[in-house]
Amino acid sequence: MIFQRTNRLQDSLTRTRQSFFGRIAGLFSGGDITEETWEALEALLIAADVGVATTIELVDALREQVAREHIRHADEAQDLLKQQMVALLQAKTRRYLEGDGRPLSVVLVVGVNGSGKTTSIAKLARYHQSRGDKVLLAAGDTFRAAAIDQLAVWAKRLGVELVAHQQGSDPGAVLYDAIDAAQARGANVLIADTAGRLHTKHNLMQELKKIHHVAARRLPGAPHETILVLDATTGQNGLAQARTFSEAVPVTGLFLAKLDGTAKGGIVFAVARELGIPILFVGTGEHAEDIAEFDAVQFVDGLFR
Amino acid sequence: MFENLSTRLQDIFNRLSGKGRLSEADVDAALREVRLALLEADVNFRVVKDLIARVRERAVGAEVMKSLTPAQMVIKIVHEELIATLGEPRKLNLSGTPPHVIMLAGLQGSGKTTTAAKLALKLRQSGQRPLLVAADTRRPAAITQLEVLGRQLDIPVHSEGDKVPPPRICANAVDRARKGAYSVVILDTGGRLHIDDEMMRELEDIVRRVSPSEVLLVADAMTGQDAVRVAEEFNRRVPLTGLILTKVDGDARGGAALSIRAVTSVPIMYLGVGEKTDALEPFQPERLASRILGMGDVLTLIERAEAAFDQEQARKMEQKLRTATFDLEDFLEQMQQLKKMGPLHQLLEMMPGFSGIKSQLPEDLTEKQMKRVEAIIRSMTPEERRDPRIINGSRKRRIARGSGATVSEVNQLLNQFRQMQQLMKQMSAGRGIGGFFGRFGL
Ligand SMILES: Nc1nc2c(ncn2[C@@H]2O[C@H](COP(=O)(O)OP(=O)(O)OP(=O)(O)O)[C@@H](O)[C@H]2O)c(=O)[nH]1
Ligand SMILES: Nc1nc2c(ncn2[C@@H]2O[C@H](COP(=O)(O)OP(=O)(O)O)[C@@H](O)[C@H]2O)c(=O)[nH]1
Ligand SMILES: [Mg+2]
Ligand SMILES: [Mg+2]
């Protein structure tokens, strides 16, 4: 079931081929490197939300390499750029929940409003189920209207248990209770939702710190993953999000959601470059099955399609 | 990585020519920086290209106004061009016979449901009778979400569960509005991708059945380069009549709004500035233009400051802010002036580099609290105001008694002030307000 995900990702990444990028990509087939090649490359990266600073750095490095190695063909240059970009993303790769085998793994999911946290939690739950894990969910968004109901629907659909308090209650207490429940019921993975919060809201970031702290106090080593869900549609603000969230809590990985649209999610290069946070998963739809482990080569290929 | 645009421009003009007319070389050098700033703000790169071309045409050879430096002159032209592109704000169209139908549409998670509730509240405040319609039958608990919001606001929500097709729900809701004398019907549709043909067809269906007078695209201020494609596609399928930009309470520069406006000509109507249902503001082109340029609302601030302060006072305040010697005494003194300039939050928001501070102040630093703060400071001795560090336990109790506040409120004020001072120090050490105001002689 999980395996069809690769195709979904491939699908969504191919979708834009026909359009604008297709035309740009056309510049690279055959042909020698001209000034146009560089411009097209820059445009491609900017259009993918890679950002000016990262684009300049990537293209400058490429120009140097091209000069050094006397490279003449545009498509060769493109391949080199791809390799560079893959290397940038792979520099910090790490397996999700590395060092498995502990009795209970706690996964805390954080991010700005509407980025896709709750849905991504359903996907992660499905992912764990398919590997034979016993999953428990914690309804840690006690703020947004019907956020608890939303996760409850997913729990029911997936057939996993849910720990929830009332709307408006303390999210730390929810997580605390959920860890208790997970241990009592023999669950080996606990995934906790949190309310969406803009990283600029000081009070809400303090609250997040507290939630993280509560988990660590209740279960030493927890949370074992703190995953930031980033919307692939996000532009340059994604870097500020990743920066500020990881200042508040140790973010261990990214979940790049909504990659099934036409946005490319290029801001992750800046995140990788500046913060070294690995991308663990991508989300490619609204169903629990629409999850894929991150594959840097595929991702970069998608950018050039 | 990137410095404040105005600082960078100033540097360029220091290297280049003096005053007089803007030369081609000056303008091109400046526009390279403007281009970077706009791309950093997520303005679509094709839109940036057009905009730069227009500015260039106007700027080359332009006479630098007497009161301005060349850098200011370029900023002024860019700013004007941004404002022109952003266009005039527009009110909701409520002409014709009620019920008026307002449909909200957009990508997943952009803020439609919250905005529906915000609009309903606003409309009720202006004397309308709104009916909210739960037309998102796909996302888990989307209906409940709207129902909860409706209950909070005491505004009725029309829902028929998640088994009835949304176009039918919408049509039924409009019937109900007609019979129940509701004057406005607000449709909260499900989030969808612009490339999802089936889902886009659903929107077309709704439009066909209920002919909304407003079809508003709800877009997230954090959206990147893809915003144009999304907006173009929505506009192609269901002609849009307006745009609402959400999550403007964050620090995203919001270039997406400019891009969307540039490619669709759809007017920007409101800005969402918080999760609560009253956090909806009318769109103001000048403010958004400054924000996109990454200058806070510096131009508005200059104007307002000029109106409220005499030059001498302004210079003094700037000096204090810059050197972070701003004490409680000054705070009290300035409070009168500040009041004339508008709410503190709004002020800080307008200052470049200060949006960080703003977010660290409590959300509800309202006028009422300002009065409280004033009372507490007034109960301090001049020495205490100049050096709050001397305020020990017994002094705190005295101040509390004198101002009718609690000791913990006094503590809170002192803490906040200390934090603010620290932040000011950081800002002035970095590339914040100090450099800017200094250079512009405010
Ligand atoms: N197309 C697409 N939609 C997604 C994806 N992930 C989430 N969504 C949708 O995005 C919207 C918001 O997702 P949620 O999971 O509610 O996001 P959230 O971060 O929990 O939102 P808040 O809790 O309100 O801050 C929903 O409509 C989801 O169905 C994805 O990978 N692709
Ligand atoms: N900070 C902030 N959050 C917002 C704003 N508008 C909506 N949200 C939040 O964004 C998330 C998604 O909003 P929702 O209305 O459910 O979006 P929908 O999926 O488009 O209906 C929720 O967590 C909202 O609370 C806003 O203006 N500012
Ligand atoms: Mg959620
Ligand atoms: Mg909704």
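In this predicted model, select residues 117-130 and 147-158 of chain A, which form helices α6 and α7; the two pack at an angle of about 20 degrees, with their axes 10 Å apart. Because angles under 35 degrees count as roughly parallel, α6(A) and α7(A) are described as roughly parallel to each other. Their crossing is right-handed.

Next, display the side chains between these two helices. From α6(A), the contact involves Thr118(A), Thr119(A), Ile121(A), Ala122(A), Ala125(A), Arg126(A) and Gln129(A). These meet Gln150(A), Leu151(A), Trp154(A) and Leu158(A) of α7(A). Coloured by class, the contact of α6(A) with α7(A) shows six nonpolar, four polar and one charged residues.

Now move to chain B and select residues 197-210, helix α8, together with residues 227-237, helix α9. The axes of α8(B) and α9(B) come within 9 Å and cross at roughly 50 degrees, and the pair is therefore oblique. On the α8(B) side, the contact is made by Asp197(B), Met200(B), Arg201(B), Leu203(B) and Glu204(B); on the α9(B) side, by Glu233(B), Phe234(B) and Arg237(B). The residues of this contact divide into three nonpolar, no polar and five charged.

Return to chain A for the final stop, helix α3, residues 35-47. At 1.5 Å a residue, its 13 residues should span 18 Å, and the end C-alpha atoms are 18 Å apart, which agrees. Buried residues of α3(A) include Trp38(A), Leu41(A), Leu44(A), Leu45(A) and Ile46(A). Finally, select Asp49(A), which follows α3(A) and has a positive phi, near 70 degrees.

Note on methods:
Residues are numbered from 1 along each chain as its sequence is written. Chains are lettered from A and ligands numbered from 1 in the order in which they are written. This is a predicted model: local features need pLDDT of at least 70, side-chain atom pairs count only at pLDDT 80 or more; totals for chains, interfaces and linings use all residues. Side-chain values use heavy atoms; hydrogens and water are left out. Helices (H or I, at least four residues) and strands (E, at least two) are DSSP runs, numbered from the N terminus. The expected span of a helix is 1.5 Å times one less than its number of residues. Buried means under 20% relative accessible area, exposed over 50%, partly exposed in between (1.4 Å probe, protein chains only). Axes are lines fitted to C-alpha atoms, for helices over the stretch in contact, and angles run from 0 to 180 degrees between N-to-C directions. Angles under 35 degrees count as roughly parallel, over 145 as roughly antiparallel, 65 to 115 as roughly perpendicular and the rest as oblique. A crossing is left-handed if the near helix is turned anticlockwise from the far one by less than a right angle, and right-handed if clockwise. Contact means heavy atoms within 4.5 Å. Ala, Val, Leu, Ile, Met, Phe, Trp, Tyr, Cys and Pro count as nonpolar, Asp, Glu, Lys and Arg as charged, and the others, Gly among them, as polar.
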